[in-house]
Every structure is written in structure tokens, then in C-alpha cells.
Amino acid sequence: MATTFPNIAIPGQPLAFATSYTPGTGVHVFNDQICASIVGQPQLSTPASPSRKEKDQEVKQVLSVLRPASGKSEDVALVNLLPQVGSMVLARVTRINPRQATVEIFVVGDTVSNDEFQGIIRQQDVRATEKDKVRIFSSFRPGDIVRAQVISLGDQSNYYLSTASNSLGVVVAHSDSGDPLHPLNWRQMASSRTGAIEERKVAKPI
Amino acid sequence: MTDRRRINGPSEGTTPPVFASAVVTKPTPTRAPDSLRKIFLKTSLTPPATGSAFLELPSPAPYPNSSTLKITASVYGPRPLPSSAAFSPHARLTAELKFAPFSTPHKRRGYVRDAVERDLSVQLQNALVKSIKTGAYPKSGIDVFITVLDCEGGLDGDDDEGVEVGLMGVLAGAITCASAAVADAGIECVDLVSGGVAALVKRPQNSDAMDTDGMNAPMLVLDPSPADGYQILSAAVVGYMAGREEVTLLWTKGSVGILDGEEDELDLLMDGAIMTATAVRLVLNEAVKERMLLGLARSKGKLKEDGGGDVAMSS
Amino acid sequence: MAPSTLTTLISPAELSYLRSSLALVPPIRPDARTPTQFRPLVAEIDILPSTNGSARMVWGDGGECVVGIKAEVEPTEPTSYGKRRNWVEVGVEVQGQRDDDPLGVFLGMTVGESLLTPTSTLTERLVITPKFHWKLYIDILLITPPLSHPATLLSLSTNLALRSTRIPRLISESDEDPIFDDDWDASIPLYSITSQLPPITLLVVSVEERNIFFDPTREELSVGDCVLAISLASSPAHDAPKVIGVRTLESGTGGIAADAKDGVVAASIGGVKRRVIKRIIKESLSVGKEVFESLQGVVDAN
């Protein structure tokens, strides 16, 4: 098979033999050939870190088909990204109760979604340590924006999220009186205007 | 008792005149039986939709302003299912096909969905669902909306003796248009489905070719149009994935004889429809690449004006 | 299309078990039937006294279908826009679902289409005088929808009902308004021995290239590669039936994880090769012949 790929591949177009490359995103394997799954440009990349068992073999390059961002003429959001297990999301807290906080996911990865997905942060997923002592009321309030990670696709109505990491938690919040809050430490935020302290599970600022 | 005060009409009553229906001359087909009509297919025409496409087929009738087949497709998704929907590890594909009220020439269609539209929607869904990698989008829905703006010559064949092929042409066009829209939306598919129609028609009387079988051997016509004027004995529409060489939809109407010998009418029909679908696939390929090529060219600065070469209004 | 209320999620283990046993050569069906064997069924005709024709069938898995046929006199429109295909109206009601449910519509269209092919002479027999014709209302009631797709059950019941349909005998002259004989015994059957028999629709599932199954159960439908509804018409000479229509139905995808690498996921995507379809249709001819013979047996018994 020629190693030169077409400029633009279309779904169903065979690109290479499955033995020559590792399939990446936007491709599938059919009849021992890697075929494109979307309309896009085929690209090769080297895998980030070879796993232990591959160290003995030659590291195969990863063949993916990517959809260029400039493919669409206007600023319409592209392919709707769905939250996968492990993806980082930004979500807005809508409801809280002693056992869980209900959120609406509006950013998946780096893309703002067209539609919002509903998710849940359970009490045991808020922190990594002392999980039973978590009080949701001291961790989140309705209206907060939190950065979280998807841990499960969940059931028909909710994704399951977790903020159990230093970099995860509340990133933007407002006090009861409406002032923006800035982070003090992992569990406190202060109002910029009055200096009043409120409790949140705060994400470590980047 | 005659009434003398007024001028009366005839006493027995009158009946309104019934005009003889205009003699409709059957059009004679102008295309060769195996020639296909040129397809116009463009994607990304509906900005709010994730993916969209528009397809137009010329009508063989040589009059100006003759009706053609015009179909538009919009794809939304994958978007989250409503909470009331059951959990699904696959994307749920729904296809909805509607005829615009002005799409048929004789009578205005109402907005209420009727059996024909529902039936075509189900067939379209069956044709598309096998090509989309629904397993990659759990808990989501992909919605395909097809609107037929003009269905050439209406849906009811004038001929009660023939199979009506207009609906099949609409379905084939809808399949192609929907596939283009799905590819435009960036939804992962294993291959693109194209639609093709073929028909077995009664050989016209003035045909020079007289088979040894006799005059009644049916003739295979690819991409038949209701305006062609053939008398159709049987017809088939396929949804075909040309890359994988697999059929996702087969719909036949009319009686087909199955013979054990070489000449098998069903084989003829299916192969004819697949040939049509394969040719349509070439158009589909070019259409889905076109948008992306345009975007790439613009990002490389080859096109100087914004708006991709469109003529801008001067003040 | 499997009715939305009846699709159930089947686990990956069950799907894998079903698929591998159906893909064997020779295949093993879950209920140990042969690939062309139908489940036992009960059929009776002429059960509704107020109809022109009726039939009832109880299917192997408990599905029950009642079909009633009524004929009404209608004036014939003089213009060519009075389409003869409007002379037969098929209504399907599936218990527990809405009137406009897609399944009901699909089934109705399948049955209606197969009745009105150009070669069926049905519409000619519905003509009374040049100005009047019979309009046939075929009402199909699925009392307990079967667990599997109801297409075969529906079409066999309709076939029997049509064969039991009788039309009153005309005693007026051709120019007058039609007047019929009140004696029901003098009525004429709609399908006499010499005319072409009404069609049937068979549901067929294929798994891998080699295996073709008739009368599939719900589980078999969900692991099949291709599900076709094939409409067959037989001629009075009882030789091989002719195919008068083919439709594709949706085969289930079941509940499987997207990353599963076993054959079940791979098979649920993609279509079928054309040679498989041709093989399916050819096999359905011989099975169709047997079905016509057994239906004839039901009619003869009554």
C-alpha cells in the first residue's frame, strides 16, 4: 500500500494495512485495512509513551483522520463532542442536596458544546480523602462553575463526575451577595469586595 | 303551471357541461435507458445544523421550469437524549422525511404526516443506521430531517397499470442527501450510503431491438423518472455502500420472475440499481470533499476575499 | 422495525451466544427448529358474521391477529385521477400503540403494496358497473402483539381473510344503480379458484453468508445481519411463487459496548453482500410454496 495518503479521506476509504500502523481517531479497521470514518485529512503521529510490552517491538505510528477546524466557513460549532470517561469538563452547579450535586456540563475538553449534558457529583467523589466527612453545602453552591472529570457514563439522565484531585473543583463562584470570589486555599474562597470567606472545594489555580 | 312573470330556464333542469379530459400525450423518453441524470449536490448550506446537504435532479422533460427533484437534509447530533429516554449504549438515529406542501404539482399537501411520509422515514432510517458507528456515541441521539421541496411530477403515477416509481426516486435521493449531510456533520461512519433506482419497463413499440425471446422481454432502465413515460413493470431502490460493497436497503415493487437460468429479473433489477448507486457515490464523494477543500484553500490564503469568493455587495 | 415497546436490551453474553450458535454450519436455533420450520399456529376463517370475510390466527409465541374485511359500494370517479389503488384501504391497529405508530403504518403499506401490484387482478374484480365499484376495507387487529415482528402473522391472516371474502351477487343491469341479491349463499367469492391468490409476506433473517432463517424470534432478529420482508404471490397452477415485493427491516443492535472486539459488534454495522440477498430471495420461493399449500389446507378444511 502506498504510504502517501490522500489529501482528504472520506468514510469507507481504505488508507493503509492494519499491520503498518496503529489505528487512531476517526478511523476503523475493516478487512485488515485501516479505513477512514470521517471526512478529513489523514495524519500520522507517534504515540506519546510506548507501553511496556511495545518496547521490544517497533513502535508503530498512529494513523488518524482529523477534521480541520477551518473546514466550516462560519463560526458554527463543529462536531458535537460527547463526554467520554476520563474527559475534563466544565460544569455549572444547578442543584445540591446532602448526597450529591447536580451539574450541567457545558464545556467538554476544549470545546463549548451546543447542548448541555446533565451530570452528578456524588458526595464520595468530591474529595480524595475523608470522603465521608464531605458536606456538599460547604463544597459547592448553585451557580458555581466547576472543573471535573467524567468517571462514568452513568444512567439515562446523568453522567457521573468527580472533583477528587487538586486541579479539580470550583473555578468561578459568586458569594451570596453576588460578589465574585477568589480562591484562598483548597477549601476557602474570599469575596473581592468585602473579604468575607466562603467554603468551597476549590480547584488549584493554574 | 308555467310562471309567466319571469324568464324561466328549461323545465327539465340542466346538467353542467362535462369537458372531455385533455388528451395527455404520453411523453416519449429522450434518454438512453442506461444514462443517469446529472446530480447537483452541495453540503453545509444550513448553518444551524451540525451537517446539511441539498440535492437536485433535473427532470428529463425538455420544458423550461419543469419540476425537478429537490431534497434538503439537515443532521443534528450527536446530541443528548431527553432524560425520559432509556439508557442506550448506542446513538439513537431518527430520520424524519416530510414533503413540503408545495412539492406536488396537483394538490397541496397538508402539514399532517401521512402514511407515505412515515413509511419513507422508516425506510430511510433502515438504510442509514447500518452505516453510522452508533457505538461511538452512547447516550445520544442523531436526528436527520429531510424535506422534499419538489418531487418531480407528483407521486401518483398516471398509469394504473404501472408501478409508481416517483416515491422510489425520492427515497434514493433522500438516502444520498442524508449521507452527505451525515458526513458533513463529522459523524463517524463506516462508509457512505448512496441510493440508486432501476426499473424493468415494457419495451416501447418502436424499438428496433427485437429479441429472439419476442417483443415482451422487459428492458432495464436506470434512474427512471416518472416523466419519462415508460410503463413500468417492476422497480427496485437500493441503499448501497460502494466502499464495502454491501447493501443496506432493498425495496422492490412489482412482480419479478425468478428463473433458474441466466436471465433472472431480480438480479437484473438489483444489479442495475447497484450500478446506479455506485455512479451516484462518485458525486457524493466529490460533494463531501468540496466544502473541506474550500476551507483548506481559504485558510492557506489562496482566496483573497472573505466569504470564499462570493461577490460582495458594494455600497 | 421492532416495535419500540418490545425492544429489550440483550446482554453481550446472550448476543454472543445467539450469534455463534446461529452462525454454525449447520446452525442451531435457540428452540431447535430447522431453518425453514415455522412455529405451530392456529388458523380459522369466517369467524365474524358481520364482515364479508374474516380470519383469525394465533401464532407460536402467543401473538393473535384478527382480520376483518368489509366491502362498500362507491361511485367511480370519471377522471383518471380516481386511482384504483384507493379502492383498497388497509388499516392496522396494534394494541397498545398509537394510530400513527410507524410500525403499524409500515405493516399496512407492506400489505397494501403487495395486494395492488400490476399483475394482481384484484381491482378488476372490484368493478361492479362502469360507474360503481367496491371499496375494500381490510382492518387488521393485532390483539396480543407477538414477541417477534408481526409482519408474517399479519400477512398470512390477511391472506386467509381475503380468501374467505364473499361479495354479494349483482342482479341489476349494468346501467342502473347496483342492486344485489340478498341471499348470502348466492354470493361470489372474491378469490375464486381460477384467479390469482392473494399474496403473503415472509420474514427472513440471515446470519453470516450461509445461514437463512424463517419465522425468526425476537432474539434471532436482533443478531441477524439482514432482515427482509418478502412478498410472494402464487398462481393457481401452484408452481413456484413469484416475488412481488421486498422490503428491508431494521435488525436489532442489542446492548453492546462500543469497544467490544468480538464479532457481534462488527456484524451489527454494515450491510449485506448482494449475493446474500439473492440467496435469501431464492430460498424464500420454496418456503413460500409450502406456506401456500398449508394455507390452502386451512381453506379446504373449512
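How many salt bridges are there between chain B and chain A? The count is 0, taking a salt bridge as a side-chain nitrogen of Lys or Arg within 4 Å of a carboxyl oxygen of Asp or Glu.

Before you click around: this is a predicted model, where local features need pLDDT of at least 70 and side-chain atom pairs count only at pLDDT 80 or more, while totals for chains, interfaces and linings use all residues. Residues are numbered from 1 along each chain as its sequence is written, chains are lettered from A and ligands numbered from 1 in the order in which they are written, and side-chain values use heavy atoms, with hydrogens and water left out.

**Stop 1: chain B against chain A**

Select both chains. Here 42 residues of chain B are in contact with 38 residues of chain A (contact means heavy atoms within 4.5 Å). Together they bury about 3100 Å², 59% of it on carbon and sulfur atoms; that area is the accessible area (1.4 Å probe) that two parts lose on being put together, summed over both. Across this interface, 9 residue pairs are in polar contact, both at pLDDT 80 or more. A polar contact is a pair of N or O atoms within 3.5 Å; within protein, one must be able to donate a hydrogen and the other to accept it, and residues adjacent in sequence count only if both atoms are side-chain atoms.

Now colour the chain B side by element: β3 (69-80), α2 (166-184) and α3 (265-299) of chain B each give two or more residues to it. Helices (H or I, at least four residues) and strands (E, at least two) are DSSP runs, numbered from the N terminus. The largest share, 11 residues, comes from α3(B).

**Stop 2: chain B meets chain C**

Pick B:D119 and C:R247, whose side chains meet in a salt bridge (2.9 Å, N to O). B:D119 lies in helix α1 of chain B and C:R247 in strand β12 (residues 242-249) of chain C, so the pair joins two chains. Both B:D119 and C:R247 are buried (buried is under 20% relative accessible area, exposed over 50%, partly exposed in between, with a 1.4 Å probe and protein chains only).

Next, go to B:T134, in the loop between α1 (115-129) and β5 (140-150) of chain B. At 8% relative accessibility, B:T134 counts as buried. Leaving out residues up to four places away in sequence, B:T134 touches B:P89, B:H90, B:A91 and C:I269. For a salt-bridge network, select B:D267, B:D271, C:R274 and C:K278.

**Stop 3: inside chain C**

Show C:R19 and C:D225, another salt bridge (3.1 Å, N to O). C:R19 sits in helix α1 (residues 12-22) of chain C and C:D225 in the loop between α5 (218-223) and β11 (226-233), 206 residues apart. Both C:R19 and C:D225 are buried.

**Stop 4: chain A**

Zoom to A:R193 and A:D179, a salt bridge with its closest N and O atoms 3.0 Å apart. A:R193 is exposed at 62% relative accessibility, whereas A:D179 is buried at 7%.

Then find A:V172 in strand β12 (residues 169-172) of chain A. At 39% relative accessibility, A:V172 counts as partly exposed. Apart from neighbours within four places in sequence, A:V172 is in contact with A:D144 and A:I145.

To finish, zoom out: a search of the whole structure finds 34 salt bridges over all chains.
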